[in-house]
Amino acid sequence: MLRGYFRHRLRQQAGDVEDLTQEVLLAVHNARHTYLPGQPLTAWVHAIARYKLADHFRAHGRHDALNDPLDAAMDVAAAPDLEPAQARRDLTLLLNQLPDRQRLPIVYVKLEGLSVSEAAQMTGMSESAVKVGVHRGLKALAAKIRGTR
């Protein structure tokens, strides 16, 4: 993931790709106490990679590259084929923090596409309880993503 991110930006400097990858891995290890377990890991690592890349550009006199937006659409840490798996993992981590009465309705109705009545049968909840669980669960997920809970 990191090698792909750096390879995309340092096309002419293949030797620096591995050095920057190692620097990021060391920084992740040294700063692991600052990671908040409830937050997506990939975003945290991506931020560290961006700072290391900016440091690299400054050290090598590439001030023009510092003005480029590092967060453009093509500037994601993961290779495109890894993004769905990483998003799924991050979503699973967030969903696992919810109680079953909120998590299960979201999984069945929003992720698996079941109807409210089908989800009610699968969970043993009433249809209105499934609707309430989806609503409250999505609200709780939004709060967790914003970091307010």
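Modeller: Let's start with the surface. This is a predicted model, and its protein chain exposes about 9,500 Å², with carbon and sulfur atoms supplying 55% of that.

Biologist: And what share of the 149 residues counts as buried?

Modeller: That would be 33% of them. A residue counts as buried when its relative accessible area is under 20%, and as exposed when it is over 50%. Arg-136 is a handy example: its relative accessible area is 52%, so it counts as exposed. You'll find Arg-136 in helix α8, which covers residues 127-146.

Biologist: How many helices and how many strands does the protein chain have?

Modeller: Eight helices and zero strands. Read from the N terminus, the order of elements is α-α-α-α-α-α-α-α.

Biologist: Which residues have the most contacts inside the largest nonpolar core?

Modeller: Phe-6, Leu-10, Val-24 and Leu-53, in a core of 16 residues. The elements giving two or more residues to this core are α1 (2-9), α2 (14-30) and α3 (41-59). The largest share comes from α3, with six residues. There is also another core lying apart from this one, with 13 residues, including Leu-95, Leu-98, Val-107 and Ala-140.

Biologist: Let me pick one of those residues. What does Val-24 touch?

Modeller: Leaving out residues up to four places away in sequence, Val-24 touches Leu-2, Phe-6, Val-45, Ile-48, Ala-49 and Lys-52. Look at Leu-2 on that list: it sits in helix α1.

Biologist: Is Leu-2 buried or exposed?

Modeller: Buried, because its relative accessible area is 8%.

Biologist: Which residues of α3 are buried?

Modeller: Here's the general idea before the list. An α-helix has 3.6 residues a turn, so residues three or four places apart point the same way. In α3, the buried residues include Val-45, Ile-48, Ala-49, Leu-53, His-56 and Phe-57. Thr-42, another residue of helix α3, has a relative accessible area of 18%, so it counts as buried too.

Biologist: What does the side chain of Thr-42 make a polar contact with?

Modeller: The side chain of Asp-90, at 3.2 Å. If you set aside residues up to four places away in sequence, Thr-42 touches Met-1, Gln-86, Arg-89 and Asp-90.

Biologist: Now the rings. How do I read an aromatic pair?

Modeller: A pair of aromatic rings is described by the distance of the centres and the angle of the planes. This structure holds two such pairs. Tyr-5 and Phe-6 form an edge-to-face pair, 5.3 Å centre to centre with 65° between the planes. Tyr-5 counts as buried because its relative accessibility is 1%, and Phe-6 is buried because its relative accessible area is 0%.

Biologist: And how are the planes of Tyr-35 and Trp-44 arranged?

Modeller: They're tilted: 50° between the planes, with the centres 5.2 Å apart. Both Tyr-35 and Trp-44 are buried.

Biologist: Where is Trp-44 found, and what does it touch?

Modeller: Trp-44 is in helix α3. Not counting residues up to four places away in sequence, Trp-44 touches Val-28, Ala-31, Arg-32, Thr-34 and Tyr-35. The C-alpha atoms of Trp-44 and Val-28 are separated by 8.9 Å, and the two are 16 residues apart along the chain. As for burial, Trp-44 has a relative accessible area of 18%, so it counts as buried.

Key
Residues are numbered from 1 along each chain as its sequence is written. This is a predicted model: local features need pLDDT of at least 70, side-chain atom pairs count only at pLDDT 80 or more; totals for chains, interfaces and linings use all residues. Side-chain values use heavy atoms; hydrogens and water are left out. Rings of Phe, Tyr and Trp (its six-membered ring) pair if their centres lie within 6.5 Å; planes under 30 degrees apart count as stacked, over 60 as edge-to-face and the rest as tilted. Buried means under 20% relative accessible area, exposed over 50%, partly exposed in between (1.4 Å probe, protein chains only). A nonpolar core is a set of buried Ala, Val, Leu, Ile, Met, Phe, Trp, Tyr and Cys residues joined through side-chain atoms within 4.5 Å. Helices (H or I, at least four residues) and strands (E, at least two) are DSSP runs, numbered from the N terminus. Contact means heavy atoms within 4.5 Å. Accessible areas come from the Shrake-Rupley method with a 1.4 Å probe; for residues, only the protein chains shown count as cover. A polar contact is a pair of N or O atoms within 3.5 Å; within protein, one must be able to donate a hydrogen and the other to accept it, and residues adjacent in sequence count only if both atoms are side-chain atoms.
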